[in-house]
Amino acid sequence: MMRTQCLLGLRTFVAFAAKLWSFFIYLLRRQIRTVIQYQTVRYDILPLSPVSRNRLSQVKRKILVLDLDETLIHSHHDGVLRPTVRPGTPPDFILKVVIDKHPVRFFVHKRPHVDFFLEVVSQWYELVVFTASMEIYGSAVADKLDNSRSILKRRYYRQHCTLELGSYIKDLSVVHSDLSSIVILDNSPGAYRSHPGTGDGDNAIPIKSWFSDPSDTALLNLLPMLDALRFTADVRSVLSRNLHQHRLW
């Protein structure tokens, strides 16, 4: 009897220790991910020279259209864990939404440096969210990324897209009629191609899809280009020269 009780006690202790160890590993992974994602980065915003200020005064303020999924964030919902997300990787935030009368939880991971990226580019551009996701989900994600800074006020969702051959196409003329001042950052070339009256991606900056790589620096790498692009009279005069990049992603 005593031996049985000892065995039960030992099993209980081992089970408790295993749970405690799993919780410790979870916290450690979360801390490491936080350190990597929010490591100190610098992109010095220097005062503009008189020549640069004069140039900006002669051109229109540009609009930067931002996709969400796999561009700024990656998410998965209850019961679905994609192999691209390492099991046990903690999300940056969890969204609880109701879709077709069913509550759904989305576990959202932010692309490394996305907060810094948004903080910087919001000083240069009017930021617009344009996602093919449903509004109830896209709006909640945008709220989290905005973080009460009022930098993502204009938003477009699935209902603003055009459905063509099963794909949702983002018509940039919905955002603004003057396409010379619009730039779209999207991981899916199919989402912005073949707009009536536009070239093949003339307004687009391609970016690789992101799922979970904590060392990703794609958003940081775009800052010099976006900094320079705001001085152009027509963004298409620059972006149309890089159409070959759209075949690389």
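**Salt bridges and helix faces**

Tutor: Asp-67 and Lys-170 pair through their side chains in a salt bridge, at 2.9 Å from N to O. A salt bridge here is a side-chain nitrogen of Lys or Arg within 4 Å of a carboxyl oxygen of Asp or Glu. This is a predicted model, in which local features need pLDDT of at least 70, side-chain atom pairs count only at pLDDT 80 or more, and totals for chains, interfaces and linings use all residues. Residues are numbered from 1 along each chain as its sequence is written, and side-chain values use heavy atoms, with hydrogens and water left out.

Student: How many residues apart are Asp-67 and Lys-170?

Tutor: Asp-67 sits in the loop between β1 and β2 (73–77), and Lys-170 in the loop between β8 (167–169) and β9. Helices (H or I, at least four residues) and strands (E, at least two) are DSSP runs, numbered from the N terminus. The pair links distant parts of the chain, 103 residues apart.

Student: Are Asp-67 and Lys-170 buried or exposed?

Tutor: Buried means under 20% relative accessible area, exposed over 50%, and partly exposed in between (1.4 Å probe, protein chains only). By that rule, both Asp-67 and Lys-170 are buried.

Student: Why does the salt bridge of Glu-126 and Arg-154 tie together separate parts of the sequence?

Tutor: The side chains of Glu-126 and Arg-154 meet at 2.9 Å, N to O. Glu-126 belongs to strand β5 and Arg-154 to strand β6 (residues 154–156), so the pair ties together parts that are 28 residues apart in sequence.

Student: Which residue joins Asp-67 and Lys-170 in one network?

Tutor: The structure holds 9 salt bridges. Some share partners, and the network containing Asp-67 and Lys-170 also includes Asp-186.

Student: Is Lys-110 buried or exposed?

Tutor: Lys-110 forms a salt bridge with Asp-115, at 2.7 Å from N to O. Asp-115 has 22% relative accessibility, so it counts as partly exposed. Lys-110 has 11%, so it counts as buried.

Student: How far apart are the end C-alpha atoms of helix α5?

Tutor: The expected span is 1.5 Å times one less than the number of residues. Helix α5 (residues 218–229) has 12 residues, so it should span 16 Å. The model agrees with this, as the end C-alpha atoms are 17 Å apart.

Student: Where on α5 do its buried residues fall?

Tutor: The buried residues of α5 are Ala-218, Leu-219, Leu-220, Leu-222, Leu-223, Leu-226, Asp-227 and Leu-229. The arc is that of the directions from the helix axis to the C-beta atoms. Seen down the axis of α5, the buried residues fall within an arc of 165 degrees, so they line one face of the helix.

Student: What share of the protein chain counts as buried?

Tutor: The chain has 6 helices and 10 strands. Of its 249 residues, the share that counts as buried is 41%.
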